[in-house]
Amino acid sequence: MAHTDKDYYKQHDRLYLSVDCIIFGLNEGSLKLLLIKRDFEPHKGEWSLMGGFVNYDESVDNAARRVLKELTGLDGVYMHQIGTFGEVGRDPGERVVSVAYSALLNLPDVDNDTLKSHNAYWVDFNNIPHLCFDHDSMIRKAIRKIQNKFRTEPIAFELLPHHFTLTQLQQLYETLLGIKIDKRNFRRRALENSCIVQTDMVDKENSRRGARLYEYQNNEADAVNFKI
């Protein structure tokens, strides 16, 4: 006897689907990662990424955007899917498969009251504590993907203020890539990209001489050909 579609689905196990957000931010030249100190089980009192379950009536991408907005109060933030994590036993509570996303944002844009309500804190990029579940693996994979994208896509400007110096841009690349870059070569390569435009303004707060300020002007052609 032929089974119905409904019978076919019932023959298979059900599991939970969640998203986890790996959120990077820049504050006064220092790269940060947003984590929560869990005040609930499992792993109460430990560090983790911010996550949530995918609702029945939303896509996985929309679930990630919702979780990000709930945590930071921000819409329209750059997000990129990192991968799917589904090892058996990765969550001691239930059988959960998680899709991880990375997000890049500028710290001054974030609603700090919202962060406090979620017990969320910014930690230094170079001093990330051990995280529960498989969130350490998620972060390592996110960093590798972002490092690759930094070289060929203009995503660094998601972290920088609207007006920035070339020194700020170079420091961001050096921090994320974990390398020292020759100043002259970096500036030459950066300015070969027509999307990086010099303004008439100078930075008198962070530079004694007054460093020239630049801005990123977005257009499709520049984004495709971007390279540093």
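Keep in mind that you are looking at a predicted model. Begin by showing side chains on β6: Val96, Ser98, Ala100, Ser102, Leu104 and Asn106 sit on one side, Val97, Val99, Tyr101, Ala103 and Leu105 on the other, and all of them are buried, so both faces are covered. In other words, eleven of the eleven residues in 96-106 fall under 20% relative accessible area, so the rest of the structure largely encloses this strand.

Next, pick up the strands that pair with β6. Select residues 16-27, which is β1: β1 runs parallel to β6, with eleven bridges between them. For a landmark, find Phe24, which stands opposite Leu104.

Time for the packing. Which residues have the most contacts inside the largest nonpolar core? Select Ile22, Phe24, Phe150, Leu169, Tyr173 and Ile196; the core itself has 43 residues. Color by element and you'll see that β1, β2 (30-37), β5, β6, α4 (135-152), α5 (166-177), α6 (183-191) and β10 (211-216) each supply at least two of its residues.

Zoom in on Leu169. Skipping neighbours within four places in sequence, Leu169 is in contact with Ala156, Phe157, Leu160, Phe164, Phe186, Ala190 and Ile196.

Last stop: there is another core, apart from the largest one, with 22 residues. To find it, select Leu34, Val54, Leu68 and Val99, which are among its members.

Definitions and conventions:
Residues numbered from 1 in each chain as written. Predicted model: local features only at pLDDT ≥ 70, side-chain atom pairs only at ≥ 80, totals over all residues. Heavy atoms only, no water. Buried < 20%, exposed > 50% of the residue type's maximum accessible area, 1.4 Å probe, protein only. Helix = DSSP H or I, 4+ residues; strand = E, 2+ residues; numbered from the N terminus. Pairing = 2+ DSSP bridges. Core = buried A, V, L, I, M, F, W, Y, C linked by side-chain atoms within 4.5 Å. Contact = heavy atoms within 4.5 Å.
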